[in-house]
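This briefing covers salt bridges, helix packing, the sheet and backbone features of one structure. Please read it alongside the sequence and the model shown here.

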Amino acid sequence: MADEQMAGAGGAPVPPGAAAAARPLDPVDRSIMRLLQTDGRASIRSVAEQVHVSRANAYARINRLIDDGVIRGFTARVNHERAGQGASAYITLKIVQNSWRTVREQLRELPGAAHIALVSGDFDVLLLVHTPDNRTLRELVLTRLQSIPEVLSTRTLLVFEETDLLDPGPGPAGGPTISED
């Protein structure tokens, strides 16, 4: 069965490319995820110590979470204002029915687009953008977004202040890099 994987204890083959069923996460997995969300540069040793497992166990669990697609990657949380992106806004869009995939691809190309979500309610899409200033934000909304044929209307909500709930608060600027140490 070289081209097939075994699925769970039942042993039913899973065809190549088929999505494997999500494995349940235990409290240790959840603790590891919280730690890595707070500090994606934490060392394996640090993670293992904080969740009270061996380094080998922590390493295997992190790799499994990555392989299973639970952890999709590691990234830096950016202070957009300090990075020259002082204007942020959530923009709601009403779009032509069944045009989500087309609109999503066009929104991905927008400079400063940070998050795109298809949602339910009074509008269809929620878009988070970061721009250098309000003039650039205005240009993005009035010229770029409203010129997309499938966009029926937009509403812009300026962000005055935001709080990153994953931010560990004051402390050292960086942590150790993730390693087997």
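The side chains of E105 and R104 meet in a salt bridge, with 3.4 Å from N to O; a salt bridge here is a side-chain nitrogen of Lys or Arg within 4 Å of a carboxyl oxygen of Asp or Glu. The model is predicted, and local features need pLDDT of at least 70, side-chain atom pairs count only at pLDDT 80 or more, and totals for chains, interfaces and linings use all residues. Residues are numbered from 1 along each chain as its sequence is written, and side-chain values use heavy atoms, with hydrogens and water left out.

**Salt bridges**

- E105 also meets R108 in a salt bridge, at 3.2 Å from N to O. E105 and R108 both lie in helix α4, 3 residues apart, about one turn of the helix; helices are DSSP runs of H or I with at least four residues, strands are runs of E with at least two, and both are numbered from the N terminus.
- An α-helix has 3.6 residues a turn, so residues three or four places apart point the same way.
- E105 is partly exposed, with a relative accessible area of 36%, and R104 is partly exposed at 25%, whereas R108 counts as exposed at 54%. Buried means under 20% relative accessible area, exposed over 50%, and partly exposed in between, with a 1.4 Å probe and protein chains only.
- A salt bridge of 2.5 Å, N to O, joins the side chains of D29 and R64. This pair links distant parts of the chain, with D29 in helix α1 and R64 in helix α3, 35 residues apart.
- D29 is buried, at 2% relative accessible area, while R64 is partly exposed at 23%.
- D26, D29, R61, R64 and D68 form a linked network of salt bridges. The salt-bridge count comes to 6.

- Helices α1 and α3 pack at an angle of about 80°, with their axes 11 Å apart. Axes are lines fitted to C-alpha atoms, for helices over the stretch in contact, and angles run from 0 to 180 degrees between N-to-C directions.
- That angle makes α1 roughly perpendicular to α3. Angles of 65 to 115 degrees count as roughly perpendicular, under 35 as roughly parallel, over 145 as roughly antiparallel, and the rest as oblique.
- V28, D29, I32, M33 and L36 of α1 make the contact with R61, I62, R64 and L65 of α3; contact means heavy atoms within 4.5 Å.
- By class, the contact of α1 with α3 has 6 nonpolar, no polar and 3 charged residues. Ala, Val, Leu, Ile, Met, Phe, Trp, Tyr, Cys and Pro count as nonpolar, Asp, Glu, Lys and Arg as charged, and the others, Gly among them, as polar.
- The axes of α2 (residues 44-51) and α3 (residues 55-67) come within 8 Å and cross at roughly 105°, which makes α2 roughly perpendicular to α3.
- On the α2 side this contact involves I44, R45, V47 and A48, and on the α3 side R55, A58, Y59 and I62. These residues divide into 6 nonpolar, no polar and 2 charged.
- I44, S46, V47, A48 and V51 are the buried residues of α2, and they pack against α1 (27-38) and α3.
- R55 lies in helix α3 and is partly exposed at 38% relative accessibility.

- Four strands form an open sheet in the order β4-β5-β3-β6, with antiparallel pairing; two strands pair if DSSP finds at least two bridges between them.
- β4 (113-118) and β6 (151-158) stand at the edges, each with a single partner strand, so one side of each is left without a neighbour in the sheet.
- Neighbouring strands are turned by 20° against each other on average, direction ignored.
- β3 pairs with β5 (residues 125-131) in the antiparallel sense over 7 bridges, and H130 in β5 is the bridge partner of S88.
- α4 packs on the sheet and touches β3, β4 and β5, its direction making about 170° with that of β4.

**Positive phi outside glycine**

- H52, in the loop between α2 and α3, has a positive phi of about 65° although it is not a glycine. H52 counts as exposed at 70% relative accessibility.
- N98, in the loop between β3 (87-95) and α4 (100-108), has a positive phi near 65° and is likewise a residue other than glycine. N98 counts as exposed at 77% relative accessibility.
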